[in-house]
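Biologist: Can you walk me through this one? I would like to start with the strands.

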Amino acid sequence: MSKFETFARLHVAGEPLVLFNAWDPGSAQAIAKSGARAIATGSASVSMANGFADGEAVPLELALANAGRIASAVELPVTIDFEGGYSTHRDGLVANARRLAETGAIGCNFEDQVVGTDRIYDIVEQVARISAFRQGVGDNFFINARTDLFLKAKPAAHDHLLADQAIERALAYADSGASGFFIPGLSDLLLVERITSAVSLPVNAMHLPGGPARADWASAGIARVSHGPFPYMAMQEWLQEEARAALA
Amino acid sequence: MPGKFETFAALHVPGDPLVLYNIWDVGSAHAVVAAGARALATGSHPVAVANGWPDGQNVPIDFALANARRIVQAVEIPLTVDFEGAYSTSPTVGGENCARLKETGAVGCNFEDQVIGGEGVHPLDLQVRRIAAIREAVGNDFFINARTDIVLKAEACDDALIEEVVERGNAFADAGASGFFVPRLSEPGQVERVVREVPLPLNLIAFPGAPDKKVWADAGVARISHGPFPHRALMKTLEEMARQAIS
């Protein structure tokens, strides 16, 4: 079985794949040693580790080179947080997607916010973007289509109407070639369940410190739980404390 | 107001050592700055393994320089870079490479005498020519921390070996080194002798199980760095945290 197939099969609703996000080959190897079944990067972590802001401020060349080094450093399948694919037009997306697949990564996150703005692409635009991305990567690549609806709205505004908008997007994204659907920022388990029941794609939730436990995500039908920037932030805190003790 | 180089050089005080908690990228630099560090030092081993290469100049020089530049631009305090053998055994090319390193804004480097990818250490006369060429290429305002690996490479550190360490330290000083770095030197009596007989600030590595910093300070050490150990400990912690999250 190819790495892509292995990875795709790890997405089981109710028995989620847990991804503890990495940012460089060293962190990927440490996470692989812990018994992980796949490696995922987080774009915020990669940015911070290299001194850039999040939001495609990491130069594409650095992002791709880092992805390639991670894919070479571990045996496990690697999925890359590729933000908005570093392009706002079709040809650019096809080309960048192809280059990402050439790094050896077998999947990516691909988001629907217009990077650098508060805007979210409308469905028609995002469907075209996903289909361009699919054209670039071919069939054997897991496109985890992310919606930023819940990150852009305050938790108090996370209601049925917003969940239904997400469902509408998920169905359209599935038709345009997405392999998974990612809903970071949503922690209301009833709304999560509403989405997982209505959507055929495996759904990815982002684990937040203090947020729902893994068993709760599982019961709500989640197929993948990732950790976003939190592993990196925890490591930064740990390093700072160790350094303070050593410098004292 | 003194420049970053002068600030960094002045931090080397025998008996009151500058402590460097080694970093490898911009993120780790930020964490160590937030901890109150007065200067930053990369370790070549962590830079290598964090990025998927083995140590020993397997990190491409362009990557090493770009990484150094990103760190310099991200922090206010002085940065010294572990530059291994300056990516060349040729004194001229080593000098050119160190000049490129200086252009990143780094204020100093470690420069070692081991034969990278081979056995043992370079003959003293070659190493002296390499250091002199680097000094000529970088000018006076760059801290060349000349490292000898003879203790690291030896099975036991006896008085005869310390004799050689002292000989190298003096020759490195004459060639233009700013500091003397002896990884694995540890025993306070031997440390004291090197401090007494070599006219350069002495740098040791704090390894797990090493004497207390106070003991080394009392022996006259001017700089204590941590080599690969911060990164190693962090990766161990990450592995444990990931295991908890995944299992």
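Modeller: A definition to begin with: two strands pair if DSSP finds at least two bridges between them. Bear in mind that this is a predicted model.

Biologist: Fine. Which residue stands opposite A:Arg224 in S8(A)?

Modeller: A:Asn204 is opposite A:Arg224. Strand S7 (residues 203-206) and strand S8 (residues 224-226) of chain A run parallel and are joined by three bridges.

Biologist: And what order do the strands of the sheet come in?

Modeller: In chain A the order is S1-S8-S7-S6-S5-S4-S3-S2, an open sheet of eight strands with parallel pairing. Strand S1 (17-19) and strand S2 (39-40) of chain A are the edge strands, each pairing on one side only.

Biologist: Switching to helices. How many residues does H6 of chain A have?

Modeller: Helix H6 (residues 123-137) of chain A has 15 residues. From first C-alpha to last, H6 of chain A reaches 21 Å, close to the 21 Å expected.

Biologist: Which of the H6(A) residues are buried?

Modeller: Among them are A:Val127, A:Ile130, A:Phe133 and A:Val137, and also A:Arg129 and A:Arg134. The cover over the buried residues of H6(A) includes helix H5 (90-102), strand S4 (107-111), strand S5 (142-146) and helix H8 (160-175) of chain A.

Biologist: What follows H6(A)?

Modeller: A:Gly138, with a positive phi near 80°.

Note on methods
Residues are numbered from 1 along each chain as its sequence is written. Chains are lettered from A and ligands numbered from 1 in the order in which they are written. This is a predicted model: local features need pLDDT of at least 70, side-chain atom pairs count only at pLDDT 80 or more; totals for chains, interfaces and linings use all residues. Helices (H or I, at least four residues) and strands (E, at least two) are DSSP runs, numbered from the N terminus. The expected span of a helix is 1.5 Å times one less than its number of residues. A residue is buried if 20 or more other C-beta atoms lie within 10 Å of its own, exposed if 12 or fewer, and partly exposed in between; C-beta atoms are placed from the backbone. Two residues are in contact if their C-beta atoms, placed from the backbone, lie within 7 Å.
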